[in-house]
Amino acid sequence: MPEHEQDDQQREFDLRWADGAEHKEPSARARMLAARWKHNPPGPVPFRADPEHVGSRRRSSWISTVVVLGSVAAVIVLLGYINFRAPY
């Protein structure tokens, strides 16, 4: 039997063996959080944040629209300038 087939079979056996284990050890991060929360449990966290805490400064929608349209206009002008200067 070729070596790579034997490695594949061994890997498959290892995966089936690990998946069939009765007790799975938690990850290091899960153990760390469990130890931290044992002495200092986290407070309740709302599913969605309050709207006033989402962003301290939000641009109005018309400013964003002006910025986008200005950028598009600048790209169009730049491309037109490049095509005007290009020799035929």
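Modeller: Let's start with pLDDT, the predictor's confidence in each residue, from 0 to 100. This is a predicted model, where local features need pLDDT of at least 70 and side-chain atom pairs count only at 80 or more, while totals for chains, interfaces and linings use all residues. Residues are numbered from 1 along each chain as its sequence is written, and side-chain values use heavy atoms, leaving out hydrogens and water.

Colleague: What is the mean pLDDT of the chain?

Modeller: The mean is 80, and 77% of the residues reach 70 or more. Where pLDDT is low, the predicted coordinates should not be read in detail. Confidence is lowest in helix α1 (residues 3-19), with a mean of 73, and highest in helix α2 (residues 28-39), at 92.

Colleague: How many helices and strands does the chain have?

Modeller: Helices (H or I, at least four residues) and strands (E, at least two) are DSSP runs, numbered from the N terminus. Here you get 3 helices and 0 strands, in the order α-α-α.

Colleague: Where does UniProt place the transmembrane region?

Modeller: UniProt positions use the numbering here, feature names are shortened, and annotations may be inferred rather than shown by experiment. The unreviewed UniProt entry puts the region at residues 62-82. That stretch is 100% helix in the model, with its end C-alpha atoms 30 Å apart.

Colleague: Which residues make the nonpolar surface patch?

Modeller: Patches take residues with over 30% relative accessible area and no salt bridge, joining like charges within 9 Å and nonpolar side chains (Val, Leu, Ile, Met, Phe, Trp, Tyr) within 5 Å. Areas come from the Shrake-Rupley method with a 1.4 Å probe; for residues, only the protein chains shown count as cover. In this case V75, L78, L79, Y81 and I82 make a patch of about 500 Å². V75 sits in helix α3 (residues 61-85).

Colleague: And which residue forms a salt bridge with E25?

Modeller: A salt bridge needs a side-chain nitrogen of Lys or Arg within 4 Å of a carboxyl oxygen of Asp or Glu. The structure holds 1: E25 pairs with R31, the closest N and O atoms being 3.0 Å apart.
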